[in-house]
Amino acid sequence: MEPMPRPLGPAENAGGRLINRELSWLQFNTRVLEEAGNANHPLLERVRFLSISASNLDEFYMVRAAGLMAQVAAGVTQASADGLQPSEQLQAIRQQVKQLLRAQSKRSAKLLDECREAGVAVAGPRELGAKAREWLSRWFEDQLFPVLTPQAVDPAHPFPFIQSGCLVYVLRLKRPRDKREFNGLVLVPPQIERFVRVPGKSLRFVAVEDIVARHFGRLFPGMEILGHGIFRISRDSDLEIDEEAEDLVRTFETALLRRRRGSVIRVEVAAGMPKNFRRFVLRAFDASHAHVFDIEGMLGLADIKQIIAEERADLQHEPLNVRYPERVREYGGDILAAIRAKDFVVHHPYESFDVVVQFLRRATADPAVVAIKQTLYRTSEDSPIVEALIAAAEAGKLVTAMVELRARFDEAANIRWAREMERAGVQVVYGFVELKTHAKVSLVVRREGGKLRTYTHFGTGNYHPVNARVYVDLSYFTCDAALGRDTARLFNYMTGYATPEDMEKLVYAPMQLKDTLVDLIDAETVHARAGRPAEIWVKLNALVDPEIIDCLYRASQAGVSIELYVRGICCLRPGIAGLSENIRVRSMVGRFLEHARILCFGAGHKLPSTASKVFISSADWMPRNLHNRVETLVPIENETVKRQLVEQVLMANRFDIMQSWEMQPDGSYQRLPQLPRAFNAHTWFMTHPSLSGRGSALRESRPAMPGELFPKHGGAAAEENAPSPALLKAAV
């Protein structure tokens with residue numbers, strides 16, 4: 001057995017060999033916020049990044065911080081893998097979040113000033129002319145007044161329930177007739193649009209809380225307003241599910257109702273709120289355990305995306321011209337025929353997600369198709385995937401849908417879709433109570449020549465057409481018989497607890513995936529010690545699992561060259577002498593959300609090499625994915641697809657400059673130097689041929705990038721026109 005890597009000494013790093021998961025996530029969200037100040041993005045796209053960073057932080061508190069607070073309340077003192085107890089983690093989180101919130105406030109003030117100069121103004125009611133103020137008053141009467149419920153707080157009027165994300169005004173009121181003073185509340189529910197567009201040629205928005213404040217007199221007529229302040233709360237939104245539940249759907253419906261009333265775990269108050277108001281609010285919530293933050297400027301910055309107006313396209317990214325996979329076009333749109341001819345991969349969002357929908361629609365229309373099996377983790381409100389499954393069932397196909405009820409914040413939508421599918425005759429299965437089904441798999445069974453043939457789709461992203469426009473993911477289509485048999489076995493496991501014992505190629509969690517990863521990493525260690533080339537390139541969203549990290553440390557110590565492209569959380573410390581000096585970690589944050597998982601192991605050859613072992617996966621390297629979810633690891637054996645994934649996708653990640661950050665040993669990140677005409681992976685894939693087949697550049701004139709060094713694209717196959725590793729390196 002290989003020795004464990006030695007612990008780091010205090011001089012090397014006080015935090016030990018692992019970085020705290022939560023603090024690493026906060027580092028990621030800081031990188032997202034940094035994009036709000038990146039002048040390479042159009043102005044309103046920077047506003048979008050600000051909104052995303054605020055929304056991310058809301059979810060972080062509702063789930064991650066809430067979980068730690070529950071541990072502290074239960075007296076849990078067990079340290080995490082990095083050595084911090086829950087209370088210590090919360091203390092460190094509070095300090096980092098304070099810095100992040102200050103940065104958000106400063107960035108929002110600067111962005112709003114820039115937006116105003118560009119003709120998109122968030123204005124106060126006093127800035128408006130008389131006609132605009134009259135219109136605003138009418139809008140208040142018609143659209144807002146009927147919804148609001150002003151409330152006194154006294155023994156006869158107890159403090160009301162306030163839902164997570166709600167903006168709340170607290171007021172000190174005085175009744176003139178008897179000089180009595182009391183507190184009042186006005187709740188501004190999150191269901192109300194946050195920014196109201198004022199009619200006129202110019203783009204002017206007024207925040208709804210400013211409209212409410214202007215009309216306090218209508219809400220409390222005859223009262224004297226002695227003072228007011230505004231606050232916002234976040235509640236614990238994690239779900240606790242009884243593993244002995246007899247009806248999982250009803251259990252989730254009950255849990256969703258409980259979520260609304262979760263304990264308050266964060267309170268944001270406007271800076272300058274009077275101390276007596278602050279004490280009143282915190283006492284009302286019994287929020288002694290909650291994190292309380294004073295906010296300079298606007299609360300609830302996640303809503304700022306509402307000022308991104310369609311008519312100001314000049315302040316946004318040019319629309320992405322999504323291509324339909326040329327490989328399928330070659331077969332007249334018959335995707336099943338295209339798969340029979342050759343395995344291929346589709347690169348979203350550059351290539352249309354509609355190809356996945358057409359896979360199911362074609363199967364529905366084909367009389368030779370016998371059965372369709374599908375996993376569903378997340379999908380959209382008007383899901384074409386679900387519609388296709390319903391149509392297939394109504395057409396007489398045997399349709400099985402494995403619906404995951406625990407997709408966070410999509411539970412209600414998944415329950416609704418499940419019931420609609422059941423009514424149409426789809427066999428809906430909910431899988432395991434103790435495991436989430438996170439694998440993205442679709443299986444079509446077709447009768448051909450008296451035999452059954454399988455067509456399989458493996459994805460790295462969810463079956464969600466809206467997300468597919470902004471998430472960088474992969475769809476792999478194959479007729480490989482062994483993968484088809486393995487997929488059928490995996491569905492049997494999910495639907496009937498039938499643990500597969502004879503998987504041929506497909507690797508799955510929670511039974512096999514972690515051991516397979518350890519074996520693959522250790523094999524590179526053996527190559528390095530034998531003097532052979534030893535390299536690992538991995539693209540993930542998160543790297544957390546301590547045992548996997550220790551395997552990577554051992555490989556580094558043996559001389560394996562390791563390149564990790566980890567968008568978000570990374571608990572590994574790169575570049576530490578004697579431990580991880582052979583490991584480099586980069587994070588790409590840009591126009592699209594990097595979401596694909598690709599694994600490449602040199603197998604005794606220098607990368608890139610067709611002899612390497614290449615996989616795509618639904619799983620990040622986190623304990624929850626490896627132990628508590630159903631996930632897939634799919635081997636890529638087709639040489640063309642293998643080259644596309646390694647020589648195009650991974651190489652583009654490797655040489656991206658414009659959107660990439662380098663992780664430092666202490667867990668901080670440094671943006672790569674922004675050189676003139678530096679390579680941008682997203683721009684490259686937007687303007688160059690599809691992975692799945694022939695294509696051409698979208699435009700003759702492209703943004704500044706090393707495009708002139710690459711071959712011109714006039715319809716030759718993508719694999720022939722892909723930038724070679726040497727060419728990409730020369731471009732940088």
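Among contacts in the chain between residues at least 6 apart in sequence, what percentage join residues at least 24 apart? The share is 72%, where a contact means heavy atoms within 4.5 Å.

This is a predicted model, in which local features need pLDDT of at least 70 and side-chain atom pairs count only at pLDDT 80 or more, while totals for chains, interfaces and linings use all residues. Residues are numbered from 1 along each chain as its sequence is written, and side-chain values use heavy atoms, with hydrogens and water left out.

The predictor's confidence in each residue is given as pLDDT, on a scale from 0 to 100. Its average over the chain is 86, and 87% of the residues score at least 70. Residues 1–15 stay under 50, and the model has 28 contacts beyond four places in sequence for them. Over residues 694–732 the pLDDT is also below 50, and this stretch has 85 contacts beyond near neighbours in sequence. Where pLDDT is low, the predicted coordinates should not be read in detail.

Of the 732 residues, 59% are buried. Buried means under 20% relative accessible area, exposed over 50%, and partly exposed in between, with a 1.4 Å probe and protein chains only. The whole structure has zero disulfides, a disulfide being a pair of cysteine sulfur atoms within 2.5 Å.

Strand 3 (residues 167–175) has seven of its nine residues buried. Strands count as paired if DSSP finds at least two bridges between them. Strand 3 pairs with strand 4 (residues 180–188) in the antiparallel sense over nine bridges, with Y169 the bridge partner of V186. These two strands form a hairpin with four residues between them, and K179 in the turn has a positive phi of about 60 degrees. Strand 3 also pairs with strand 7 (residues 224–235), again antiparallel, over eight bridges; here L173 is partnered by I225.

Next comes a loop residue. Q306 lies between strand 9 (291–295) and helix 9 (326–329), and is partly exposed at 32% relative accessible area. Beyond residues up to four places away in sequence, Q306 touches E193, R194, F195 and F205. The C-alpha atoms of Q306 and E193 are separated by 8.3 Å, although the two residues are 113 apart along the chain.

In strand 10 (residues 344–348), five of the five residues are buried. In a regular strand the side chains alternate between the two faces of the sheet. In strand 10, F344, V346 and H348 point one way and V345 and H347 the other way, and all are buried. Five bridges join strand 10 to the antiparallel strand 17 (residues 471–478), where D473 stands opposite H348.

Helix 16 (residues 546–558) has 13 residues and reaches 18 Å from its first C-alpha to its last, close to the 18 Å expected at 1.5 Å a residue; the expected span is 1.5 Å times one less than the number of residues. Ten of the 13 residues in helix 16 are buried, among them I548, C551, L552 and A555. Their cover includes helix 15 (513–529), strand 19 (535–540), strand 20 (561–566), strand 21 (583–588) and helix 17 (623–627).
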